[in-house]
Amino acid sequence: MNSQAGKFKPGDRVTVKLEDRPGHIRTPWYIRGKTGWIERVYGDFLNPESLAYGRDGLPKRTLYLVAFNQADVWGRTAGPTDKVLVDIYEHWLDRTQ
Amino acid sequence: MSDTPADAHGHEHPKHELSHYAKRIYAIRDLLVEKGVLTEKDIQCQVEYQEARAPANGSKLVAHAWVDSAFKARLIADPKAACAEMGIDAAAVNEFMVLENTEKVRHMVVCTLCSCYPRPILGRPPDWYKSFNYRQRAVVDPRGVMREFGLDLPDDVEVRVHDSTADIRYLVLPLRPKGTESHSEADLAKLVTRDSMIGVTDALPAIPE
């Protein structure tokens, strides 16, 4: 894994694109449009949205571990500090102030 | 497949009525063999390889991490290398990450999109892991799921649910149960259940003296 990759760094606030696209999408619906922060940079991986259709997966996409407060995702939470963490490719993320 | 009759083309199919998808799988298998892409032996070897991978691999890793803090640090820093040290073949698979539970943090793993699972370490996922019920509720109500597996956490423990949606697989390193100081590594491994490595509950309690 190449940890130099990507335009985001740990701690950056990001919002998941609220988009509907056909195909082998690895971004779950429940997290689209939600805001969290980069927890970890995993490096560059072949793009599964292309690989799934027998293509080459290039260009590679940077994959991040993105953390969200449960309360920000569902509007409620059982534990005040509970989190949901999702692996998301860079082209699904926008920087948020 | 000893309870199934052999048919004309050399291997056995189940007697009962097959579902559409099962029929399709058998048809594809037969075609791959007929066209020489795979042999029956290749398929059998792969079935045996899949079946040989079991939660025992993960239990061995966790128990060793409990008794050897230097190994634990290596397991967290480079899980694949730590697996190789223990004779577990994880080289060919996805990247994976070890999530260490503490008194104040519990991790739980789900794949809401399908059934991504650290198969080299834990074998095949249990059916409930692939169910819509678990996949929905794990992210919405992880504490409720944990309660059903026998773990009722106080509010000041942070629950971190990992949705394993992409190229990374996750293994939870459960807390070492209290009162296990005199347990052998082999006995400790018996406490490390599959479910505790998915993170829906803790490891089993100490074996009474």
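**View 1. The largest nonpolar core of the predicted model.** This core has 59 residues; the members with the most contacts inside it are Y64(A), V66(A), I88(A), V62(B), V110(B), V161(B) and V172(B). A nonpolar core is a set of buried Ala, Val, Leu, Ile, Met, Phe, Trp, Tyr and Cys residues joined through C-beta atoms within 7 Å; buried means that 20 or more other C-beta atoms, placed from the backbone, lie within 10 Å of the residue's own. The model is predicted: local features need pLDDT of at least 70, side-chain atom pairs count only at pLDDT 80 or more, and totals for chains, interfaces and linings use all residues. Residues are numbered from 1 along each chain as its sequence is written, with chains lettered from A and ligands numbered from 1 in the order in which they are written.

**View 2. Surroundings of Y64(A).** Leaving aside neighbours within four places in sequence, Y64(A) is in contact (C-beta atoms, placed from the backbone, within 7 Å) with G6(A), F8(A), I38(A), R40(A), V41(A), Y42(A), I88(A), E90(A) and L93(A).

**View 3. The contact between chains A and B.** Chain A gives 20 residues and chain B 19 residues. On the side of chain A, β2 (35–45) and β4 (83–89) are the elements that give two or more residues, and β4(A) gives the most, with six. Strands are DSSP runs of E, at least two residues, numbered from the N terminus.

**View 4. Pairing of β4(A) with β3(B).** Four bridges join β4(A) to β3(B) (residues 158–163), and the two strands run parallel. Strands pair if DSSP finds at least two bridges between them. V84(A) has V161(B) as its bridge partner.

How values were computed
Contact = placed C-beta atoms within 7 Å. Buried ≥ 20, exposed ≤ 12 C-beta atoms within 10 Å, placed from the backbone.
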